[in-house]
Amino acid sequence: MQLLPVMEGLHSAEAFNPAFLEAFFQRAREVENRPLEFSEALRGRIIATVFAEPSTRTRLSFESAAHRLGASVISVSDPSTTSGTKGETLADMAKVVGSYCDLLVLRHPNDGASRLASQYAGVPVVNGGDGRLGHPTQTLVDLYTLYRKWGEFEGRTVALMGDLRHGRTARSLAWGLAMLGARILLLPGKGLDWEASFERRILDKFDYRLRWGKHPLFAEWTGSTEARVLEPKGLVQKSLFREDPPEIDRLDAMYLTRMQAERGAEVGSGGYPGVTADHLKNPLMESCQLLHPLPRCEELPASVDHDPRALYFEQAAMGPVVRQVVFLAMLGEDKWPLPALAPLPAGSQEHDLGLCPNEGCITRSEGITAPWRVVGLARRTFLCSYCDSLLPVDYAGCRSTHRVHPAHSQAALRISPENLRPFLRRDEATAAGYTWGG
Amino acid sequence: MQLLPVMEGLHSAEAFNPAFLEAFFQRAREVENRPLEFSEALRGRIIATVFAEPSTRTRLSFESAAHRLGASVISVSDPSTTSGTKGETLADMAKVVGSYCDLLVLRHPNDGASRLASQYAGVPVVNGGDGRLGHPTQTLVDLYTLYRKWGEFEGRTVALMGDLRHGRTARSLAWGLAMLGARILLLPGKGLDWEASFERRILDKFDYRLRWGKHPLFAEWTGSTEARVLEPKGLVQKSLFREDPPEIDRLDAMYLTRMQAERGAEVGSGGYPGVTADHLKNPLMESCQLLHPLPRCEELPASVDHDPRALYFEQAAMGPVVRQVVFLAMLGEDKWPLPALAPLPAGSQEHDLGLCPNEGCITRSEGITAPWRVVGLARRTFLCSYCDSLLPVDYAGCRSTHRVHPAHSQAALRISPENLRPFLRRDEATAAGYTWGG
Amino acid sequence: MQLLPVMEGLHSAEAFNPAFLEAFFQRAREVENRPLEFSEALRGRIIATVFAEPSTRTRLSFESAAHRLGASVISVSDPSTTSGTKGETLADMAKVVGSYCDLLVLRHPNDGASRLASQYAGVPVVNGGDGRLGHPTQTLVDLYTLYRKWGEFEGRTVALMGDLRHGRTARSLAWGLAMLGARILLLPGKGLDWEASFERRILDKFDYRLRWGKHPLFAEWTGSTEARVLEPKGLVQKSLFREDPPEIDRLDAMYLTRMQAERGAEVGSGGYPGVTADHLKNPLMESCQLLHPLPRCEELPASVDHDPRALYFEQAAMGPVVRQVVFLAMLGEDKWPLPALAPLPAGSQEHDLGLCPNEGCITRSEGITAPWRVVGLARRTFLCSYCDSLLPVDYAGCRSTHRVHPAHSQAALRISPENLRPFLRRDEATAAGYTWGG
């Protein structure tokens, strides 16, 4: 199986692991408490921020972090001045700009752009937000903000509210919360839920289960008193014995998101869910920290800014601190190693599976076919290696036996990844000389 | 009376005082003469330049100043990448960006933006030009340029020519000149005069008087041989005994401004006033220094660039020097304190006076009502605390006696500011339980 | 003859000379091999990058070079925020921004912009690409990339392919290659050849001759098996005895360029010439290094990126190195002098020759007439001093004899440049009191 080169850098919250996060939070505390110690740590290094989508906040946060470490910054902040206008591929841009700098921060409208860029840049690439998929440094900011408040995450219940379909920060955060053992409660706006396949990956990966919980206040946000809850299977569920679904009596944090109108989101007939000062009086919210990646719209009125539970400006202020740690971990001296990030399983392009079905995938704008990778223990799931979209693979062949099986069959599960050859349709398998193995 | 938080930073030339200016000029001379002494003064500090309006010159001037002091810069220069596109308020932007930097330089299209931002930023805010009201660092540049030439301002006559209605630099400069005792002669383009209320504030504040002066050349600029002159009441006016209005025989400086077409200015039928090489031959102009904030249009032809009275490029070169002093005063070590700026009287939002009548006021774009403040010794004048626009307050109530009076009455004057409650209409006072005091 | 001020900075590859280039390449090697030695060389200096045309790559390359030397950068990267929108001239912009920095890098859409800016800036100006004429630092990058591979240029054959009409990099490179004695083979796209007058200047200047060469592969690129070759007259031409035109048997390098659609280029009916993996198998290309200034379009498919002859990303990586040397030569301490650049012959504006016939000339956008200069030994050629366009001067007068002659006559050749007075038409000479000298 021909592998893609190892991907370096920070592309996805999916690459985190608990040891990495724990070490990261401790480093962040050091940087926050003793900023002057690090003010020359990256003197002479050049960090490039290439923002092919408008963003003031995130870019400035990265650049502030670079300057706090004594690094220099080169920057592209205007989408219309970037490669696109001259028809350049992201791969070329990454290769060229990578030769100008020591680290590349990329924001890009297409899913998986950061992973693709990292294959060409020759320097570490940090995902500053790509497509609707991931925004891992924002997740580190979000998690560190809660860590400063709580110290640990187990047993905490965090609600994700608003546009889960287009909002990359909520997705990334869900992954991080599951990794740390928190309970996740979902309050999507109407028509703004994420795909089932994304949620199933979380459940599978972290041995979580899905159940439902209820509270009258939920209806004000989603139209229904019931909400999906993702939680560790190990949690004792006393409540289940009392009623079904059980009442949720307490939220420890709520993560609000803005409707991503620029990504095509539309307000459903029920309006877009947000909090009000009244909601905060409900016992459910008594100790509920409010987080928001900002900028905000109506979902979070300024009238609650002075509430002690309003944590979002503190959260914003953690942006440069967290990004300092990211830069230090990637460019700093030996004393700053963090536990390794899990490299994403690289994909294969040997067997052409055609175009990625996700029109926003970076492979589509780069004009290449999607390399696939396979995940899952209990069943084989084929994903685009860049954007993690589910590929419609229904048949799995074995290159050793030259037999082909339904992708979800036990027989398919027994094929080792090295021997696996996916087919979209059965006749393709036949044409390739595979016989039906049932 | 609920006060707004104290406003920090540099928002308006109105906050200057003569002691501040004198000390400032001396500092500027030191920085100009011994630049290397300051090249590391702000090492490790981060200065953010947020320009929500296009401006090459001013932004680069601030950034050059920052670098000359060893500071780092994070910058937003493209209006379309700023908060607006995602619907963010200036308050939120200031709060977030303020947590990324040590000082925020703001240019903004709305009047009073800098004052509003300073309430949220948590770091000093320097007004890099907001709305049509103020541009205080440009005023410091203009004044310092003249100071280098003259040493003192008393007895000097400075003409302000062109677009006084939309040009914020001329307004700010007028305030500074009056503070230093210079005579101000007004040569506005047709339909481009400033509001009477602005002029009245200068006259009141500095004990100036308005008179008229004449010269044939004025007609070439404004269509009339007569021009308004603002001057200290104390000046001996021999000329008054000779003729009325007296002939102006000498201008010491002329401050030209560009027509602010992008702010809605239009050339009147008489054309826009400017100088020519011919004008410079007139005895009136013999020792008249020419200043212009640049960029220029036809009002200042390149053909006069080599005239020794053409001071405008020298003026431009003073930009970074002056801004270095501003940064040093705000972020430098103890040896750089300047005499305190007068804090602007904070306003009250306790009594809702509705929307500010100025459509360009930052309160309008932020969607808040205008906090008011009261100025004036001889009569009560109510101003928007952000944009200084006159509020149409006709009635003044006393919270102690619960009586209401005409705002300009002697009775109103006797109400202490703490007890003052303004009303736009008499029936509002009645509804609030106030009785008519006449 | 009234001379324009001496032009400082780096404006055109035409100013190079072999001694300069040789020294430059050696400096570049030092900087490339021992980068840390130079990391503080320009600490405290401010470099301004003003890009009045979109360009990510070139701007970042310059800025990376500045930071690698410890310099600070102030930057304008958005064309719409530059002077144009407020109607400012380039001269004013250069004068003002020049007072904010120690060196100005300018990219501009108009031919000759860099030369004009250098007359006003007061600091060295480096041409970062102006109009369709020159891009001298790119030429240094291109030449240095080949120098690293070859060590010397004599006897090498370099093909220039694609849009020679609008592509400034190919023009600049041709000049540099001729200076170093290489053979230049021209493979322009249909309708995308450069002007004869440009080529004639190269032939005249370097004592080159034009001949033709052929190869079947040429037809795939230009539709003809024959191609123009510029080569030193001294080269022994054995091949000429064998056939006419002789077969070209080897290309040492090919310089591909993108079609400059944004400058008005259109694909001719034959398509735009580019290379394919198949072409690279042809013996003609066996040791042909591929260069491209990037960004690329279809003319250079990604499928050849892994070929060892693909030098274009290495070329891109040399960008900052080369620009470091440029900055060091202009701002560094004494140990970094390079042999002097030939100052361009300054022009005269004494005799008004009207508007420059090149509509893209900076004189047209600045609203001034074109200063002329005269070049050529064997015949007088009058060029615009800014954009090098041929001026239609048909008559040459002598200010000493007051006689006028045809511009190309022997009599005209004998007039010393100091006495030369050009006329566009004969009746202008008569009106000025000149008599016909035949």
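Select B:Ile47 and B:Val73 in this predicted model: B:Val73, in β2(B), is the bridge partner of B:Ile47. Strands here are DSSP E runs of at least two residues, helices are H or I runs of at least four, and both are numbered from the N terminus. Local features need pLDDT of at least 70 and side-chain atom pairs pLDDT 80 or more, while totals for chains, interfaces and linings use all residues. Residues are numbered from 1 along each chain as its sequence is written, with chains lettered from A and ligands numbered from 1 in the order in which they are written.

**The open sheet of chain B**

Pairing requires at least two DSSP bridges between two strands. Now show the whole sheet: four strands of chain B, in the order β2-β1-β3-β4, form an open sheet with parallel pairing. Its edges are β2 (72-76) and β4 (125-130) of chain B; each has a single partner strand, so one side of each is left without a neighbour in the sheet. From one strand to the next the twist averages 15°.

Axes are lines fitted to C-alpha atoms (for helices, over the stretch in contact), and angles run from 0 to 180 degrees between N-to-C directions. Contact between two residues means that their C-beta atoms, placed from the backbone, lie within 7 Å.

**From chain A to chain B**

Chain A contributes 19 residues to the contact and chain B 22 residues. On the side of chain A that touches chain B, the elements giving two or more residues are α2 and α10 (312-331) of chain A. Which of the elements gives the most to that side? It is α2(A), with six residues. By class, this side of chain A has nine nonpolar, six polar and four charged residues. The classes are nonpolar (Ala, Val, Leu, Ile, Met, Phe, Trp, Tyr, Cys and Pro), charged (Asp, Glu, Lys and Arg) and polar (the others, Gly among them).

Superpose the copies next. The copies use different surfaces, as 5% of the contact residues of chain A recur in chain B.

**From chain B to chain C**

Chain B superposes on chain C (RMSD 0.1 Å) by a rotation of 120° with 0.0 Å of shift along its axis. That is the relation of a three-fold axis. For the contact itself, select 19 residues from chain B and 22 residues from chain C. Here α2 (57-68) and α10 (312-331) of chain B are the elements that give two or more residues to the side of chain B that touches chain C. The largest share of that side, six residues, comes from α2(B).

**Strand β9 of chain B**

Go to residues 253-256 of chain B, strand β9. On one side are B:Ala253 and B:Tyr255, on the other B:Met254 and B:Leu256, and all are buried. Buried means 20 or more other C-beta atoms within 10 Å of the residue's own, exposed 12 or fewer, and partly exposed in between, with C-beta atoms placed from the backbone.

Four bridges join β9(B) to strand β5 (residues 157-162) of chain B, which runs parallel to it; B:Ala159 stands opposite B:Met254. With strand β10 (residues 289-291) of chain B, β9(B) pairs in the parallel sense over three bridges, and B:Tyr255 stands opposite B:Leu291.

**Two helices of chain A**

Finish on helices α1 (residues 18-33) and α5 (residues 136-150) of chain A, whose axes come within 10 Å and cross at roughly 75°. That makes α1(A) roughly perpendicular to α5(A); the classes are roughly parallel under 35 degrees, roughly antiparallel over 145, roughly perpendicular from 65 to 115, and oblique for the rest. The contact is made by A:Leu21, A:Phe24, A:Phe25 and A:Ala28 of α1(A) with A:Leu140, A:Leu143, A:Tyr144 and A:Tyr147 of α5(A).

Methods
Copies are superposed by least squares on the C-alpha atoms of residues with pLDDT of at least 70 in both.
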